[in-house]
Amino acid sequence: MRSVKCFGHIRAIPGVKKIDYTHPMLPTLSHEEILRYSRHLLIPDVGLEGQRKLKAASALIVGTGGLGSPVALYLAAAGVGHIGLVDFDVVDRTNLQRQVIHGTSTVGKLKVESARNRLLDLNPDIQVDAYNQAFTSANAREIAETYDLIIDGSDNFPTRYLTNDLCVLTGKPNVYGSVYRFEGQVSVFDARSGPCYRCLFPNPPPPGLVPTCAESGVLGILPGTIGTLQATEAIKLILGIGEPLIGRLLLYNAQDMSFEFVRLRKNSDCLACGTNPTVTELIDYDQFCGVPGHAVENGSAGVEWDITPHQLNEQLTAGTQLKLVDVREPHELEISHIDGAQVIPLGELASRTSELDPTDEIVLICKAGVRSTRALHILLGVGFRKLHNLQGGLNAWAKDIDPNQPIY
Ligand SMILES: [Zn+2]
């Protein structure tokens, strides 16, 4: 069996206590609804009562991206009566390769509005509430208050720990999923009857160790698979059928189409759900994780280090001696590049610093300024000081200076 990505201890586990997620008062179904959900009503495990449970249920989906798209679409189609969507971004063309709830016609529009309109087109009988804001310690409790379950469709560690702690503190199940290139993970964390995310991963990884989809890429269909599994778990919880993934972590690999399960045990030392918890309120998760969770990557290393595309262009035109170092992967050079740059991929930089001269004025370059910022910190760590970060990376360069190069 492969080891689990990330870190933390995974322990063997006893059985799981069954929790009833059903609402005490079940609403009735109209004739139109009975017709719409006919294929559900035919299944004995769902039936009329199950469909009424779905109508009574409410789910908050954190993020309307790659994971949130299938989760929201299938929960809406299934007739989950009240769906909440939290996101703060607008639809971008690079989202459409995997965020199938949005469309070309909604590029530039608010993600939560784009998603809400699509869901209500799919199923006008449900209620969809949109929260166009970042999910933070300041608003999470209030937003989540009226929802039965929380589905984590986030793509960053601060939001993941926030969602976990919120669910532990408020006694709600957390349907978790995450993706990386060809691999995904799914579990249901319910601290009342099993482990939580912190039992599995007590601490976030060091900042920068786990790259985001925007930096490392993701197979577009992968969040489709993982998000659909999350939606399946949510529906099982609502219906009270089957064996939920409480106490189990599913590891999926699209390359070899493997599904593996790892047993998880509640950690009695867990700071959130253990015997002596210290996380008794939501904390500052950006600080905890050492990275901004929802700050959109602005590709800045700070004013002290940044050089804007315009500044770089002026200096190159004026003939200033600059050493350009592109820290992207070699296959990205075919997409865009600046002539004359030396290529040292970020992953090799630490072992190849001898190829660089600390007396040179070095400008670090990548796609959007995130990897180059990391490169800057690596070089600072080994004594380089004459360093600059191309703010916003080659995408900003393409936008501001060289429109012949594509943005990706
Ligand atoms: Zn825990």
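## Zinc site and surroundings in a predicted model

F182 sits in the loop that joins β5 (174-180) to β6 (183-189); helices (H or I, at least four residues) and strands (E, at least two) are DSSP runs numbered from the N terminus. The model is predicted, with local features needing pLDDT of at least 70 and side-chain atom pairs counting only at pLDDT 80 or more, while totals for chains, interfaces and linings use all residues. Residues are numbered from 1 along each chain as its sequence is written, and side-chain values use heavy atoms, with hydrogens and water left out.

The zinc ion has four protein donors, C196 (SG), C199 (SG), C270 (SG) and C273 (SG), lying 2.3 Å from it. Donors are N, O and S atoms within 2.8 Å of the metal (3.2 Å for Na, K and Ca); water is not among the atoms, so sites may look incomplete. The donor atoms subtend angles of 93 to 122 degrees, so the arrangement is tetrahedral (four donors, all angles between 85 and 135 degrees). The donor spacing in sequence is C-x2-C-x70-C-x2-C. C199 belongs to helix α8 (residues 197-200) and C270 to the loop between β8 (258-263) and α11 (285-289), so the pair ties together parts 71 residues apart in sequence. Both C199 and C270 are buried.

Two other residues compare as follows.

| Residue | Relative accessible area | Class |
|---|---|---|
| F182 | 32% | partly exposed |
| N164 | 1% | buried |

Buried means under 20% relative accessible area, exposed over 50%, and partly exposed in between (1.4 Å probe, protein chains only).

N164 is part of helix α7 (residues 157-170). Beyond its neighbours within four places in sequence, N164 is in contact with N174, C196, Y197, R198 and A272 (heavy atoms within 4.5 Å).

Notes
Four donors count as tetrahedral if all angles lie between 85 and 135 degrees; four count as square planar and six as octahedral if opposite donors are over 155 degrees apart and all others between 65 and 115; anything else is irregular.
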